[in-house]
Every structure is written in structure tokens, then in C-alpha cells.
Amino acid sequence: MILRNIDVQNVAVQQAKQTNVTKEVANQQVQPELKAEDNKKGSLALSSYFRGGQMVHFAGHPCSKSDFKVKKEEGIPCACCGRMMMTNKGVQNFENKAVGAKGEDLQNLLTANMEYFRGTEKAVVNFMLKTSKANPDLTMKGIMTQYSPSAKVLLEDEQKLVLSEVSQKASVLGKDNPVEKCVQKALKDIKHSTDAHHFERKPFLKNLVEVTNTLKDKELAGQILDSAVKLPMSKNSIEAFIVKYGHGTKEDKDIAHRLAQTAISTAEHIHPDTLGGPDHTANYVAECGDCNSKRGHMPLEEWMENFPNMPRSVQRNIDEVTERIINGNLGGRYDDYPLDIQATMNRETGGIIKLEVKNPEEIDKAREERGLPKPTTPQYPNKPQSQPS
Ligand SMILES: [Zn+2]
């Protein structure tokens, strides 16, 4: 079976699966769902916060996530995983080219963008490439639709396996226990699933969390949830991806968007906004959608343990960004950005990440050497301009 081959070959995906699961459980246990008002509090945070009883100030300038210019530059590596990122514009471009593309056009489009795809998305793209060569008349949608029925069989096998593990863990609670009832309902949904209506992971987990909350044995409740979160989803299973995007309602554009989604460049708060980190250039790095969504609100020092290469990734990111600053791509307000990020990273990682950066004078000097003009600096609304001496 072609699907199975790719899934088994892609060991990296399987490993990512495990990491995701562990993280997801950690998030479920440690971080209660954030309420809207918490988020609001974060975004309204001042340009300073308290840490160890000491007020810390950010230089740079206040900036909304959508105005953060760094994420609009093509060719910047993620500050966390170091993989290449796509801008929103780049993603739109990719989507537009994917509409109706088949045969060689589709294969060329996918190959040209290969460096952007991550984990499961990359496995799906490899599957598409292989399938497109054998079926040159199929578009992205055509491939997903054609292989959805066989992917569904494999997906349901995986789901049943996980459900039986849940059932087994709950068996100490006796016959007809509330967890078993959830499992039986899920198995029924799988049995009677159609193209339009099928078993869904999210509502099942939500229900199971409610049920396990009533259990006295909290450790057992945790073990049951640990098993249940292994249910495959489109971000960690090629089969779940194909089933989800093999529906009539999903078009070429939607599939292309989903493939590129994890590579989108986003503004990531270095100090999480929910912990008082401000919406501020000195508190932003450009990070891919994949890393951003996985990190959630985890403090940087803790998050870094997953990425031993992070110091190198941030350095590569800032080097690339500095080039754009020198060339004037970011306007005149980012000359102190590398220096700001150096300070923020040093502070947030307890001195582990020590960046080598250019200060504004060195940036100016590099411009002079290259015969480039100094970008005009717009007036800061919230920060007085320093007077030239
Ligand atoms: Zn990343």
C-alpha cells in the first residue's frame, strides 16, 4: 500500500508524533485553556514587566504582530527550528499556482517549494509527487479525493488501536464504566461513518476530559488521557490529512494553504504575552507557524530544551534580518532591532543565547560601504527621537 509505505518510511514524522503527544498532554495538564480576557491582558501589556521583582524595560518600539516587518521578508529562517519560512504573500502565491495545477505543473510547483514543507506536510507532498507522476490528470484535490477511501481504512485501524488502549486502561473501573461508554460510542461512530459524517477526535477528547475529571484516581485519569491523545490528526498523520482534505468541500487552494501553513512566518513573543510580554519589536522574533503553535505560552528557557540548535537558528535569523535592515527593506525603525534581540535573548535564556549582532552605528557603516542610503525614519509616536549630537 503506497500510503503505508510513506508513513513507515517517514520516521521523522513518527518521532514528531510522539513529541506532539507529550507536549499536548503537558499543555492539557499544566496550562488550562486561556480565556479571552487573559489574551487581552497580554496584548495590552506595557513595554515592561516584572521579573524577579525587578522592572525590565524593552527598547525598540511598540508594534502589533501584524505590523512586525521582519515576518514580511522572504528567505528568513525560523528563529527556533532554523527551517526556511514563507511570507503570507508567498503562501498566497503558492495557493494561486496550485489551483488547477496537475501533471508536470503540479510536480514542478511542489518541488520548487520543497524546502518549506515540514513533517507530515512534507510526507503528504512526497505522496502527491509520486501519485501525480502516475496520475498526471489529477490536481491536489483529485489526489486527495481518490486516495481518501483507502486512507480512511488505515486511519480507522489506527483509531481503533488507540481506543482499545484507552478501553484497557479504564478496565480497572469495572464493566460499563463511563470511559468505556465514550469508547463504545466512538467505535459506533467509526462503524457508521460516511464521507459526510465521521468520527471526530476533538469532540471525543473533550467528552473524555469531562468524564475523567470525575474519576477519583487522578493518575489513572491522566494515563487514560495520555493514551487518548494518541488519536491521529492531520498534523501528525498522513492518513488523517488525506481523509480531512479528501472531501468535496476542500479545494486545491485549501489543500495548498494547509501544506504551507506550518511554514508561514509569524511574529512570536519571546517573553509570552500571557506572562506580560509586550507587543513590541524588542520582544518579537520571526518564527514559523509550526514552532509558534507548538510552543504556545511556554517560557523560552523551557521551550529551548526541545531545540538544542536554537542558539544557531536565532543567530542565522538575526544575521539574515540584519542584511535586510542594511539594505533598507525594513525602513528606518529597525536599526536597533538586532541589539534589542541580543539583550532580550540573553535575558530570557539566562545567558544561554549570546548573539553576535551589529549595533546601529555598524549598520550605518555597512550602508556607507555599500553606497546605500540611510532609510528615512518615521516619527515615533511613543518614543522621543534621539537628537543627533
Ligand atoms: Zn520553526
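**Exercise 1.** How many residues of helix α11 (residues 238-245) are buried?

*Solution.* Keep in mind that this is a predicted model. Go along the helix: I238, E239, A240 and F241 are buried in α11, and so are I242, V243, K244 and Y245. That gives 8 of 8 residues, and α11 is mostly covered.

**Exercise 2.** Find how helices α9 and α10 are arranged, and what makes their contact.

*Solution.* Start with the geometry: α9 (residues 201-213) and α10 (residues 218-228) pack at an angle of about 170 degrees, and their axes are 10 Å apart. Angles over 145 degrees count as roughly antiparallel, and α9 and α10 are therefore roughly antiparallel to each other. Next, list the residues: α9 brings L205, L208, V209 and T212 to the contact, while α10 brings A221, I224, L225 and A228. Finally, sort them by class: the contact of α9 with α10 has 7 nonpolar residues, 1 polar and no charged ones.

**Exercise 3.** Work out how strand β3 sits in the structure and how it pairs with β4.

*Solution.* First check burial: 5 of the 5 residues of β3 (residues 265-269) are buried, so β3 is largely enclosed by the rest of the structure. Then take the faces: S265, A267 and H269 are buried on one side, T266 and E268 on the other. Now the pairing: β3 and β4 (residues 284-288) run antiparallel and are joined by 5 bridges. For S265, the bridge partner in β4 is C288.

**Exercise 4.** Why does D340 count as buried?

*Solution.* Locate D340 in helix α16 (residues 337-348). The cut-off for buried is 20 or more other C-beta atoms within 10 Å. D340 has 20 C-beta neighbours inside 10 Å, so D340 counts as buried.

Methods. Residues are numbered from 1 along each chain as its sequence is written. This is a predicted model: local features need pLDDT of at least 70, side-chain atom pairs count only at pLDDT 80 or more; totals for chains, interfaces and linings use all residues. Axes are lines fitted to C-alpha atoms, for helices over the stretch in contact, and angles run from 0 to 180 degrees between N-to-C directions. Helices (H or I, at least four residues) and strands (E, at least two) are DSSP runs, numbered from the N terminus. Angles under 35 degrees count as roughly parallel, over 145 as roughly antiparallel, 65 to 115 as roughly perpendicular and the rest as oblique. Two residues are in contact if their C-beta atoms, placed from the backbone, lie within 7 Å. Ala, Val, Leu, Ile, Met, Phe, Trp, Tyr, Cys and Pro count as nonpolar, Asp, Glu, Lys and Arg as charged, and the others, Gly among them, as polar. A residue is buried if 20 or more other C-beta atoms lie within 10 Å of its own, exposed if 12 or fewer, and partly exposed in between; C-beta atoms are placed from the backbone. Two strands pair if DSSP finds at least two bridges between them.
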